[in-house]
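The structure under discussion is shown below.

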Amino acid sequence: MQQLIDNFDRKFEYLRLSITDECNFKCNYCLPDGYQRTQKKQFLSEFEIENLLRAFAELGTKKVRITGGEPSLRKDFSSIISIISNTKGIQKVATTTNGFNLFKQAQQWFDAGLDAINVSVDSLDPKTFHLITGKNIFQKVMQGVSASVEVGFKQVKINSVLMKGFNDTDLNLYLDWIKEQPIQLRFIELMQTDDNADFFNKHHLSGNLIKENLLKNGWTQKVGLSHDGPAQVFTHIDYQGEIGLIMPYSKDFCKSCNRLRVSSTGRLHLCLFGEEGVDLRDLLACENDKEALKSRILAALSNKKVSHYLQQGEVGGTPHLASIGG
Ligand code: SAM
Ligand code: SF4
């Protein structure tokens with residue numbers, strides 16, 4: 001079988017598929033002015049997604065994360081989950097959501113075949129949550145998190161973007177929460193994009209501070225879990241939950257890169273940063289184009305660079321992560 005392996009021996013079994021770039025939140029680090037509809041965009045249809053996934057699955061993709069924008073804003077979200085989970089070769093379907101529709105729809109997504117959920121909860125203080133996201137719905141999102149555990153999702157993770165001056169004093173609140181909850185909390189270092197340079201300079205906080213704190217307090221780092229990708233994961237005997245740290249500015253972050261991305265309009269992105277993507281859309285409308293599609297994906301992968309060069313200040317081309325799917 002053909003495999004997605006790049007020139008640096010990295011294997012790509014994980015696809016992040018964006019299905020919309022629209023969002024109803026105004027996260028201060030992502031879309032502070034809300035989603036701006038510039039032109040009417042045609043997002044990938046269910047049929048195009050089906051064709052795309054067949055090709056990726058035949059190239060060895062095993063896990064798909066559906067993202068956006070806010071993926072659950074699409075009316076056909078459950079149907080998309082079902083298409084992906086029924087694609088031969090795909091073993092795991094996950095999504096990342098802001099939690100707006102989670103309480104209402106967790107059961108529906110589970111029934112459609114979703115295996116895992118990441119919910120963004122950038123603060124456990126309702127006022128700070130409101131300040132960061134522009135939405136005064138902290139309780140509703142937390143009810144959604146509980147609902148996802150209750151309906152039976154084996155894996156519920158929480159994403160929190162670390163921000164000096166916003167949530168840097170929340171660590172103890174988070175730790176108390178995961179003491180009795182089997183949740184993996186993932187702290188993500190704020191990343192600089194084209195649109196957020198000033199915000200980044202003011203609020204970026206290194207994940208190393210959290211790492212030092214955890215190691216001092218009896219947490220130990222798990223080793224060798226390749227499917228966690230670039231996250232460093234920590235456990236503690238007294239805690240049911242785990243902590244993951246995603247530190248894109250750390251040395252060697254890109255060494256364990258295991259993911260490719262496809263945008264909501266069908267562009268293949270080899271990295272979140274620094275490239276404009278390869279258009280796949282003309283090969284998605286017809287199932288007979290599958291071999292040509294596979295060849296194009298393989299050819300594109302041979303151009304994947306060894307690093308995102310973020311450490312060198314590279315932010316090139318990505319206005320915000322909602323645009324290509326964070
Ligand atoms: N709307 C969904 C959500 O917020 O969970 C999915 C899309 S969002 C772009 C995916 C993830 O990227 C979220 O966890 C979000 O917090 C994170 N993210 C967005 N912009 C970021 C940035 N500049 N730096 C770090 N993480 C970011
Ligand atoms: Fe929307 Fe997610 Fe961006 Fe927040 S991080 S504005 S929820 S796309």
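## Helices H1 and H2

In this predicted model, helices H1 and H2 cross in a right-handed sense. Helix H1 spans residues 46–58 and helix H2 spans residues 77–85, and the two pack at an angle of about 25 degrees with their axes 10 Å apart. Because angles under 35 degrees count as roughly parallel, H1 and H2 are described as roughly parallel to each other.

On the H1 side, the residues that meet H2 are Glu 46, Ile 49, Glu 50 and Leu 53, while H2 contributes Ser 79, Ile 80, Ile 83 and Ile 84. Sorted by class, this contact of H1 with H2 consists of five nonpolar residues, one polar residue and two charged residues.

## Helices H2 and H3

Helix H2 also packs against helix H3, where the two axes come within 8 Å and cross at roughly 25 degrees. H2 and H3 are therefore roughly parallel to each other, and their crossing is right-handed.

The residues of H2 that make this contact are Phe 77, Ser 78, Ile 81, Ser 82 and Ser 85, and their partners in H3 are Gln 108, Trp 109 and Ala 112. By class, the contact of H2 with H3 holds four nonpolar and four polar residues, with no charged residues.

## Helices H3 and H5

Helix H3, which covers residues 102–112, is in turn packed with helix H5, residues 138–151, and here the axes come within 8 Å and cross at roughly 25 degrees. That angle makes H3 roughly parallel to H5, and the crossing in which H3 passes H5 is right-handed.

From H3, the contact draws on Leu 102, Phe 103, Ala 106, Gln 107 and Phe 110, whereas H5 supplies Lys 140, Gln 143, Gly 144, Val 145, Ala 147, Ser 148 and Val 151. The class composition of the contact between H3 and H5 is seven nonpolar, four polar and one charged.

## The second largest pocket

Taken by class, the lining of the second largest pocket has six nonpolar residues, 11 polar residues and seven charged residues.

Definitions and conventions
Residues are numbered from 1 along each chain as its sequence is written. Chains are lettered from A and ligands numbered from 1 in the order in which they are written. This is a predicted model: local features need pLDDT of at least 70, side-chain atom pairs count only at pLDDT 80 or more; totals for chains, interfaces and linings use all residues. Side-chain values use heavy atoms; hydrogens and water are left out. Axes are lines fitted to C-alpha atoms, for helices over the stretch in contact, and angles run from 0 to 180 degrees between N-to-C directions. Helices (H or I, at least four residues) and strands (E, at least two) are DSSP runs, numbered from the N terminus. Angles under 35 degrees count as roughly parallel, over 145 as roughly antiparallel, 65 to 115 as roughly perpendicular and the rest as oblique. A crossing is left-handed if the near helix is turned anticlockwise from the far one by less than a right angle, and right-handed if clockwise. Contact means heavy atoms within 4.5 Å. Ala, Val, Leu, Ile, Met, Phe, Trp, Tyr, Cys and Pro count as nonpolar, Asp, Glu, Lys and Arg as charged, and the others, Gly among them, as polar.
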